Amino acid sequence: MSLMNTNRTTNGAAAISERAKDVAAQAIPVGKTAVQGVRQGVQGAKEWAAPRLEDAVLGAREWAAPRLEVAADAVDITVAPKVSSALRSTAAQVRPSGTKRTGIRRLLDWRLLLGVGAAMAAAGAGAAITMRRRYASATAEAKNATESSEDEPRGTQAGDSGTDAAAGSEVNGRVTTPGT
């Protein structure tokens, strides 16, 4: 009986071994597929999380830098200046380099101020040139008006020259030439 019992056990173990091999053969491709799916999931999570993590770090740095400067001011007043300078340098290191300027900081950019100053200087120079030309032409007209009145013959009647001078002058003292 023991020989039969042993054959049954051996045959049963062999059958179980075959089934285990079949199940393992089926499980290996499924396991490989699962591993590949996990890798893709990890890669997708990494791609999703990277920009959000960068935004979070940038936001934290933007939040921390002004607070470090305030702490530096407080330490500057109450504690040693060496600690204050260390906090300021830390704030400078923490501050993101490419922050976008908004509001008054953008308006007070030195390039904008330089451009506005140059435009105002050009406008002032243009106004000065225009005023100088007007002054020169008014002076030339006045000179021509006085020279033409001196060139008139002296034989005219006294009443006529007074009437002509009154007709050619304005309230503000400008003298215009007849016919203009």
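Author: A salt bridge is a side-chain nitrogen of Lys or Arg within 4 Å of a carboxyl oxygen of Asp or Glu. The model is predicted, so local features need pLDDT of at least 70 and side-chain atom pairs pLDDT 80 or more, while totals for chains, interfaces and linings use all residues. Residues are numbered from 1 along each chain as its sequence is written, and side-chain values use heavy atoms, without hydrogens and water.

Reader: Why is the contact of Glu69 and Arg95 called a salt bridge?

Author: The N to O distance between their side chains is 3.0 Å; the limit is 4 Å, and therefore the pair qualifies. Glu69 belongs to helix α1 (residues 2-78), and Arg95 to the loop between α2 (81-94) and α3, 26 residues apart. Helices here are DSSP runs (H or I, at least four residues), numbered from the N terminus.

Reader: Why is Glu69 called partly exposed?

Author: Buried means under 20% relative accessible area, exposed over 50%, and partly exposed in between (1.4 Å probe, protein chains only). Glu69 has 30% and is therefore partly exposed.

Reader: How do you know whether Ile104 is buried or exposed?

Author: Ile104, in helix α3 (residues 104-107), has 57% relative accessibility, so Ile104 counts as exposed.

Methods. Helix = DSSP H or I, 4+ residues; strand = E, 2+ residues; numbered from the N terminus.
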